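Biologist: I have a model open and would like to learn how to read its features. Could you walk me through a few?

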Amino acid sequence: MSSRTGVCIVVGASSGIGLALARRLALAGRKVAMLARREAELRAQVAAIDDSLGRPAAFAYVHDASDLDAAEPLFARIEADLGEVDEVHFVAGVMPPVALDEFDLGKDRQQVQVNMLGCIAWGNAAARRFLARKRGCFVGVSSVAQDRGRIGRPVYNASKAGMDTYLEALRNRLWRHGVQVTTIRPGFVETPMTAGLQLKGAIPADTAAAKILAARDGKKAIAYVPGKWRLIMAVIRNIPSFVFRRLSI
C-alpha cells in the first residue's frame with residue numbers, strides 16, 4: 001500500500017456501501033473524491049466526514065453515473081484538484097422494482113447505463129492512466145445476482161453479469177502491468193437500494209465495506225461479501241435450468 005499517493009475515487013458515494021467505503025478510506029488517511037448525483041445528500045456526507053476527522057479528507061463531485069461521457073473529463077478534473085489518483089471504487093447501481101408482467105425499456109436502459117456502462121466508462125478512464133503508470137487499483141462492486149438469470153429482475157441480473165465480465169477482461173489486460181482489478185460480489189447488504197426487501201441475514205453496509213477493503217488489500221481477483229455467498233452461489237449455479245425456472249428466486 002505504500003506506493004499509493006493517497007487519492008481515491010468512490011463512484012456512488014452518498015449512501016450505502018459507497019458511503020461506508022468513503023468513510024473508511026478517509027479514516028485511513030486518504031483524500032477521497034466522493035461522486036454521486038444527489039448533491040444535497042453528497043455535500044452533507046462530505047461535511048460529516050470532514051467534521052468527524054477534523055480535517056479536509058472528502059471532496060464532493062456531483063455526478064450521475066449514467067452520464068458516460070462525463071467520466072473522462074471528471075477524472076481529469078479530480079486529478080487536477082487533488083493529485084494523481086491510484087484507486088477507484090465503482091459502487092454506483094440502480095435496481096428499480098419490476099413486476100413479473102412488466103417489461104419496461106426505460107427501467108432496463110437505466111440499469112444498463114448505470115450498472116454496466118457506468119462501470120465501463122470509469123474503468124476505461126482509470127485503465128488508461130493506470131496502464132501508463134504501471135500501478136493502480138480498480139474495485140468494481142457487482143452482485144451475486146450476476147450468476148443466474150432470475151425472474152424477478154432480468155435486466156439487473158444481466159447488467160451485473162455484463163459488469164462482471166468486463167471487470168474480468170480488464171483484469172486480464174492489466175495484471176501483467178502491475179494494475180489490480182478486484183470484482184466484489186456482495187450478497188445481502190443493508191442499503192437504501194435494498195430497503196423494504198426483507199433480506200434475511202443482510203449485513204450492515206460498513207461491514208461490507210470492511211470486507212471489500214480486505215479483499216483489495218489481499219489483491220483478490222473476485223471476492224464474495226460475505227464469503228458464505230461463494231458456496232451459496234456455487235449451489236445455485238448448478239441447479240439445472242428446468243428446475244431453476246420453477247423457482248421464485
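Modeller: Happy to; we will look at a helix pair, then the cysteines, then a loop residue. Keep in mind that this is a predicted model.

Biologist: How are two packed helices described?

Modeller: Two packed helices are described by the angle between their axes and the distance between those axes. Here, α4 (residues 105-133) and α5 (residues 154-174) pack at about 10°, and their axes lie 8 Å apart. Angles under 35 degrees count as roughly parallel, so α4 and α5 are roughly parallel to each other.

Biologist: Which residues make the contact?

Modeller: On the α4 side they include Val112, Met116, Cys119 and Ile120, and on the α5 side they include Tyr156, Met163, Leu167 and Leu170. By class, this contact has 13 nonpolar, six polar and two charged residues.

Biologist: Is Cys119 buried or exposed?

Modeller: Cys119 is buried, with a relative accessible area of 0%. Cys137 is buried too, at 1%.

Biologist: And where is Ala202 found?

Modeller: Ala202 sits in the loop between β7 (189-190) and β8 (203-204). Beyond its neighbours within four places in sequence, Ala202 is in contact with Phe188, Val189 and Glu190. Its C-alpha atom is 7.7 Å from that of Gly187, 15 residues apart along the chain.

Notes:
Residues are numbered from 1 along each chain as its sequence is written. This is a predicted model: local features need pLDDT of at least 70, side-chain atom pairs count only at pLDDT 80 or more; totals for chains, interfaces and linings use all residues. Side-chain values use heavy atoms; hydrogens and water are left out. Axes are lines fitted to C-alpha atoms, for helices over the stretch in contact, and angles run from 0 to 180 degrees between N-to-C directions. Helices (H or I, at least four residues) and strands (E, at least two) are DSSP runs, numbered from the N terminus. Angles under 35 degrees count as roughly parallel, over 145 as roughly antiparallel, 65 to 115 as roughly perpendicular and the rest as oblique. Contact means heavy atoms within 4.5 Å. Ala, Val, Leu, Ile, Met, Phe, Trp, Tyr, Cys and Pro count as nonpolar, Asp, Glu, Lys and Arg as charged, and the others, Gly among them, as polar. Buried means under 20% relative accessible area, exposed over 50%, partly exposed in between (1.4 Å probe, protein chains only).
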